[in-house]
Each structure stands twice: as structure tokens, then as C-alpha cells.
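Here is a short report on one protein chain. Look at the structure first, then read on.

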Amino acid sequence: MDEYSRFVDWDKMDSSLQSQDAKELTCPELPELKQLARQGYWAKNHCLRAKVYHKLLSNIPCRTVTPDANVYRDIVVKIIGKRSSSSLPLPQFVDDTLVPTYCLNAEGIGAVRKIILCIANQFPDISFCPALPSVVALLLHYSKDEAECFEQVCRILACNDPSKRLIDQTFLAFESSCMTFGDLANKYCQAAHKLMVAVSEDVLEVYSDWQRWLFGELPMVYIARVFDVFLVEGYKVLYRVALALLKFFRKVRAGQPMKSDSIQQDIRLFVRDIAKSVPPEKLLEKAFAVRLFSRKEIQLLQMANEKALQQKGITVKQKRQNVHLAVHAENFESGIVSVKEMRDIWSWIPERFALCQPLLLFTTSEHGCSLSRFYSHSEGHEPTLLLIKTTAKEVCGAYLSTDWSERRRGGSTLSFFGTGECFVFRLKPEVERYEWVIIKHPELAKPGSETENHASPSSSTLSSGSAPSHSSDHLSPFLSARHFKLPSKTASMFMAGSSECIIIGGGDGQALYLDADLNHGRTSHCNTFNNQPLCSESFQISLLEVWGFLDTMNG
């Protein structure tokens, strides 16, 4: 029995992990270490994994005063006293109903609660950390004693590297991570996301479980493999694995009846029993097959979601508004879409706007077919939603991330702007949302129109380069070019406007062009993409509406 077996119930574990000859791991460079972690180099040896964890955790940059093993030995008796460790109440910032045992023995199960209480004593600033019990239980497997486990967890919590995010410690950070996961699922797991929208009343409520899938429901063997990579690569790995779980859930359960009363519970059951359908290697393989945003881009998205929550006053745990019902049947009226169709559109928009309600800004039936009035009613609102109904009864539209006033930057020329969150969609004759691509056909503009940017932009959705600063006293939570200092040539090829026309670059080769009189439009469709066109190549507009996003919490 090795020195790291004190808290392990080997009757519940694969004993071969303990008996294998100890390997040695030199200190490879980061790329090699990432590869070893993904391959599970130390996954088959309990002692080696413990040594690797100790090395990785000791290298985490921490604040100067970080509690260590000696602190634990000094405070544990004072805090715990003579109480039975198995019945110790946990602090409110963790979920007392979900404390995984991970094949720990009775001493280990009790030690989890003792360590968490001592952490609460040393970290009074932690207000919400549902992943903590799982992290403590897992690291107990690879610790010589309680004090060593306490010190290793404290290093994770006390990390002071602003570029290295580990586990959420406030409700604001947790909630914004759930919104960010929802945004990622909407983009990278569209089939699964469509299923969530169809079977749940509140999609964000489902996605708020994403950390629970990992730190609570995943079996010990799986979360250990995830943690191997997490300690090397960081928080982004968690998003990857949760997206893979969502993809596998949809694939394995497709066409099957639900096993419980809610999709939320069904996903939990699936993750808990994942060994029946997906081995750990396949889960990680799927996770790293997702071509995810860069770490910097995810950080920007997370910042935007945090800002949106702060502006709405949501910084502590509270009962969440049912975001699926943001479109209220009793006060929503459109001449183009039904309540159900508007809710479908709402499921596509970034999560930070799901708390807002649709607000009609402009309609040709009331304001006439004037492009100048279109601009005057739409400016000052960010983002906006454009809906079009053609005389052939086709319905299409676009989600537009940036205020139309940005068009003035180009003076009298046709000015391109917007961000990679823009997309176009079709509702009739069939529903389809098109993944964004930059406008690559400025020739859609009227002959002789000048375009401001001709360079071929990057395909990155939220590039993080530098650009001239934009003076603003108020930082909007909305992702727009000026907030993220995007280079103008890569950030300004999604929407365009002048006194003569509007162009919207949608997705999968789609682009939409509207004449100044708002009576006629046409589309561009790239045949290299295997999809149907947005609508007829040339069409007459029967009705056009522009919708804004009303923040009901801040008026």
C-alpha cells in the first residue's frame, strides 16, 4: 500500500492502479505535458498521479499569505472540536446535498467535511463554490493526510494569476460561467441545444447544471482524467468536457423517451451512468475535437456576461426569472412571428440577453418604408433583431450585435462594422439558423458604392488585437467592437449601412441586402455550403420589424 492510500477504499477502486510499478515523470515542457495529460500517462498509477498533482499544484502562483498544512493542523481542532465529522454541517457556499464520495473510505468521507469547514474559516470571501466538495474529495485520494489536501486546495483557491482561472468562488462568477456555457452550447452543440429548447421551459436552468455534471455526477475515473488535464490547461477544459457530455447525451438518448420528469434530471442520470455508453478516452477525444474559442475570447465573453449580471444587480444567489418566458404571450405582438417563433429566436441569442424582453422599435406598417426612419428608431439600441416577411410569405431575419450609429464612422462611404455574434436565420418555409461568416461580397452594394474595408478578415469570432480606443463613460455588457478593442479590419465585416442600402453578412455563405426604400431586397448564397438559401435571391418586402432588448430589471 503506497503512502497516498490512507483515504481510499480499494474495494471500490481498480486495485491495479495501486500495484503497478511506479513511473517517473521528468519536468517536460508545457506542450509535452499537455499531451501526456490528455493521453492519461499518469492515470494508471495512483502514486504517480499523486506526485504529478503535488508538482502541478505547488507551481500555481498564489497570494503571499496562503494557508498551508501547518495552518490546518493549528485550526482543525478548534473548528471541529469533538463533533462527529460525518455529520458536520457544510457552509452555505457549497451544495450540502451533493458531496461526492469518489470511492473514499469512512475516514476520507469525514475528512472532506472537516477540510471544507477549515477552508471556510480561512477564505471568508468565498460566497459560492459548489465545485469545492468534489475538488476536496478528489484530492484526498492523492494526499498523505488531511493537512496536505487542505494546502493543495488552498493553492487552487488562492491563485493570483489573473490569466489563470481555476474554480468559481462567487455567485457572479458561477452564474456568468453558466451563461458562457450556454453561449458555447448554442454555437458548438446546435443539435443538442435545439433539443434543450424543445423539452425545457428554461434552457439556462439546464445549463446552470454544467459544473454539477463534472463536479458531482461524473464517476471518479472520469473526473480524475478531466482533472489531470484541467491542472495543466485550465478552466477551458471544463467547458470542453461539458460540451462533449451534452453532445453524447443527445446522441445516446436521441429518439428515446425521457427517464425522468425533467431534462435536467435526465442529463444528470446520463452523466452518472456514462460508463455504460462512453469510456473516458472517448469523452476526452470528443472534448478536444470541439474547435472552441481561444482562452482570451472566452475570457472576454465571460467578462461581458459578468458585466450584464452586475448591471442587472444579480451578484448573489436568487430565484432566477424564467428566461424562456422573457417573451410573454400576453404582451407580445408581431405582424411577422408568433410567440413560439420569437421564443425560438430567443434561444439563439447570447445568454446575457435572455433576461431582457423584446421591445418593438420600428415597423414599416407604422413608420413607413424609410431607411432614415429605420436608422432613427434603431440607433441607440444594442443589440437589435431584424425580422422580414416577404410577399412570398418567406420569413427571415438577423441578430445584429452593434448599434446602427456605428455606420457613421465611414462618413458618406458604406461602412462595415459589427461582431462575430451577428447571425442570420430563416423561419419560413423551414427553420434554420446560419452560423456567422464575415461579409465577403461587398459587391452586393449598388454599383459604384465604395467600401471602407477590403482586407480579408480573420475567421476569429472575437479577435483580441488592438485598435484605437473608443471613448465611453459607460461600458455596455454587449459585445461590440469598441469594447474589445478589435482591429477594425477584422471586426467590421458583419453589417453595413449607408443612406442607400443595408448589408448584413450572416452565416454559412449567406448575406442579405436591403434597398433604401425597404421595399426590395436580395440575398447572396455561397454554393460551397450545404444548406438552403436564406430566402429568394430577389424578394419584395411585405413587412419589416426591428426589435430591441428591454432590460426589465433596470427599466
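In helix α6, V135, L138 and L139 touch M220, I223, A224 and F227 of helix α12. By class, this contact of α6 with α12 has seven nonpolar residues, no polar ones and no charged ones. Keep in mind that the model is predicted.

How are such contacts described? Two packed helices are described by the angle between their axes and the distance between the axes. Helix α6 spans residues 132–140, and helix α12 spans residues 220–233. Their axes are 11 Å apart, at an angle of about 95°. Angles of 65 to 115 degrees count as roughly perpendicular, so α6 is roughly perpendicular to α12.

Now take a second pair, helix α4 (residues 69–80) and helix α5 (residues 106–122). Their axes come within 10 Å and cross at roughly 105°. That angle makes α4 roughly perpendicular to α5. On the α4 side, the contact has V71, Y72, I75, V76, I79 and I80. On the α5 side, it has K114, I115, L117, C118, N121 and Q122. By class, the residues of the contact of α4 with α5 are nine nonpolar, two polar and one charged.

The table sets out both pairs.

| Helix pair | Angle between axes | Axis distance |
|---|---|---|
| α6 and α12 | about 95° | 11 Å |
| α4 and α5 | roughly 105° | within 10 Å |

## The largest pocket

Which residues lie nearest the centre of the largest pocket? They are S163, K164, R165, L166 and Y235. The lining has 37 residues, and the pocket's volume is about 890 Å³. Helix α16 gives the most, with six residues. Sorted by class, the lining has 18 nonpolar, six polar and 13 charged residues.

## An aromatic pair

A search of the whole structure finds 28 aromatic pairs. One of them joins W210 and Y239. This pair is stacked, with 4.7 Å centre to centre and 15° between the planes. W210 sits in helix α11 (residues 210–217), while Y239 sits in helix α13. The two residues are 29 residues apart, and their pair links distant parts of the chain.

## Backbone exceptions

Most residues other than glycine have a negative phi, and most peptide bonds are trans. Some places here depart from that pattern.

Where is P383 found? P383 is in the loop between α19 (371–378) and β2 (384–390). A cis peptide bond joins E382 and P383, with omega about 0°. Another cis peptide bond joins K428 and P429, with omega about 10°. P429 has its place in the loop between β5 (423–428) and β6 (432–434).

Y102 has a positive phi, near 45°, and is a residue other than glycine. Y102 lies in the loop between α4 and α5. Those helices are the ones that cross at roughly 105°.

Methods. Residues numbered from 1 in each chain as written. Predicted model: local features only at pLDDT ≥ 70, side-chain atom pairs only at ≥ 80, totals over all residues. Heavy atoms only, no water. Axes fitted to C-alpha atoms, helices over the stretch in contact; angles between N-to-C directions. Helix = DSSP H or I, 4+ residues; strand = E, 2+ residues; numbered from the N terminus. Parallel < 35°, antiparallel > 145°, perpendicular 65-115°, else oblique. Contact = heavy atoms within 4.5 Å. Nonpolar A, V, L, I, M, F, W, Y, C, P; charged D, E, K, R; others polar. 1 Å grid on protein atoms, 1.4 Å probe; cavity = no way out; pocket = protein on both sides within 12 Å on 5 of 7 lines; lining within 4 Å. Points joined across faces, edges and corners; volume = space filled by probe spheres on them. Phe/Tyr/Trp six-rings, centres within 6.5 Å; stacked < 30°, edge-to-face > 60°.
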